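Me: I have a protein on my screen and would like to go through how it is put together. Could you take my questions one at a time?

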Amino acid sequence: MAKIGRNEPCPCGSGQKYKKCCGDPRRALSYTVQDRVSAFAWLDEWIEAFAGGEADDATEVFWGRFFDDTGELPEHLAMLSQEVEDLWFAFDHVGDRGVPIVDTFLADAELGEPTSASRAALRAARTS
């Protein structure tokens, strides 16, 4: 395949020049709110299928000495705490795999390939 010139039409069919479309290095870093929502849904599905047991084991690590008191939280705080725990597990917890779950997910293709924008959203969350 011949190299595409920066000023040639993009092969994706967008009608833009390659340098303003798929050839723009910033494009790999950009994503929309919908891309982020899709990425998190995809990640949640993958965790449920491939790391659910590890997530259950990590709950006790997350809560530490407060693990036995989690049932005493008001409903709104329990829901918020669950969201924080889910984010911690996906992006910060390093279990038996040696890397956070999101890194394994991004390297794994079992559920299909997320779009590059969804990948950008997960990478941005990973580095934040």
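Me: How many helices and how many strands are there in the protein?
Reply: A quick note to begin with: this is a predicted model, in which local features need pLDDT of at least 70, side-chain atom pairs count only at pLDDT 80 or more, and totals for chains, interfaces and linings use all residues. Residues are numbered from 1 along each chain as its sequence is written, and side-chain values use heavy atoms, with hydrogens and water left out. Helices (H or I, at least four residues) and strands (E, at least two) are DSSP runs, numbered from the N terminus, and the elements here run α-α-α-α-α. The count is five helices and zero strands.

Me: What share of the residues in the protein is buried?
Reply: Buried means under 20% relative accessible area, exposed over 50%, and partly exposed in between (1.4 Å probe, protein chains only). The protein has 128 residues, and the buried ones make up 27%.

Me: Which residues have the most contacts inside the largest nonpolar core?
Reply: A nonpolar core is a set of buried Ala, Val, Leu, Ile, Met, Phe, Trp, Tyr and Cys residues joined through side-chain atoms within 4.5 Å. The largest one has 17 residues, and those with the most contacts inside it are L43, I47, F89, I101 and L122.
The helices α1 (33-50), α2 (52-63), α3, α4 and α5 (116-127) each supply at least two residues of this core. Looking at L43, and not counting residues up to four places away in sequence, its contacts (heavy atoms within 4.5 Å) are A90, F91, I101, V102, F105 and L122.

Me: Which residue forms a salt bridge with R97?
Reply: A salt bridge is a side-chain nitrogen of Lys or Arg within 4 Å of a carboxyl oxygen of Asp or Glu, and the count by this rule is two. R97 sits in the loop between α3 and α4 while its partner is in helix α2, so the pair ties together parts that are 43 residues apart in sequence. R97 is partly exposed, at 32% relative accessible area. With the closest N and O atoms 2.8 Å apart, the partner is E54.

Me: And which residue meets D103 in a salt bridge?
Reply: The N to O distance in this bridge is 3.1 Å, and the partner of D103 is R126. The two link distant parts of the chain, with D103 in helix α4 and R126 in helix α5, 23 residues apart.

Me: Is T104 buried or exposed?
Reply: T104 has its place in helix α4 (residues 101-107). Leaving aside neighbours within four places in sequence, T104 is in contact with W46, R97 and V99. Its relative accessibility is 19%, so T104 counts as buried.

Me: Which residues are in a cluster linked by ring pairs?
Reply: Ring pairs bring W46 and F105 into a cluster together with one further residue, F50.

Me: How far apart are the C-alpha atoms of W63 and S81?
Reply: W63 is found in helix α2 and S81 in helix α3. Both count as buried, W63 with a relative accessible area of 19% and S81 at 17%. Beyond four places in sequence, W63 is in contact with T70, L73, S81 and E85. W63 and S81 are 18 residues apart along the chain, and their C-alpha atoms are separated by 9.8 Å.

Me: Which residues make the nonpolar surface patch of about 250 Å²?
Reply: Patches are made of residues with over 30% relative accessible area and no salt bridge: like charges are joined within 9 Å, nonpolar side chains (Val, Leu, Ile, Met, Phe, Trp, Tyr) within 5 Å. Areas come from the Shrake-Rupley method with a 1.4 Å probe; for residues, only the protein chains shown count as cover. One member, L80, is found in helix α3 (residues 75-91) and counts as exposed at 51% relative accessibility. The patch is made by L77, L80 and V84.

Key
Phe/Tyr/Trp six-rings, centres within 6.5 Å; stacked < 30°, edge-to-face > 60°.
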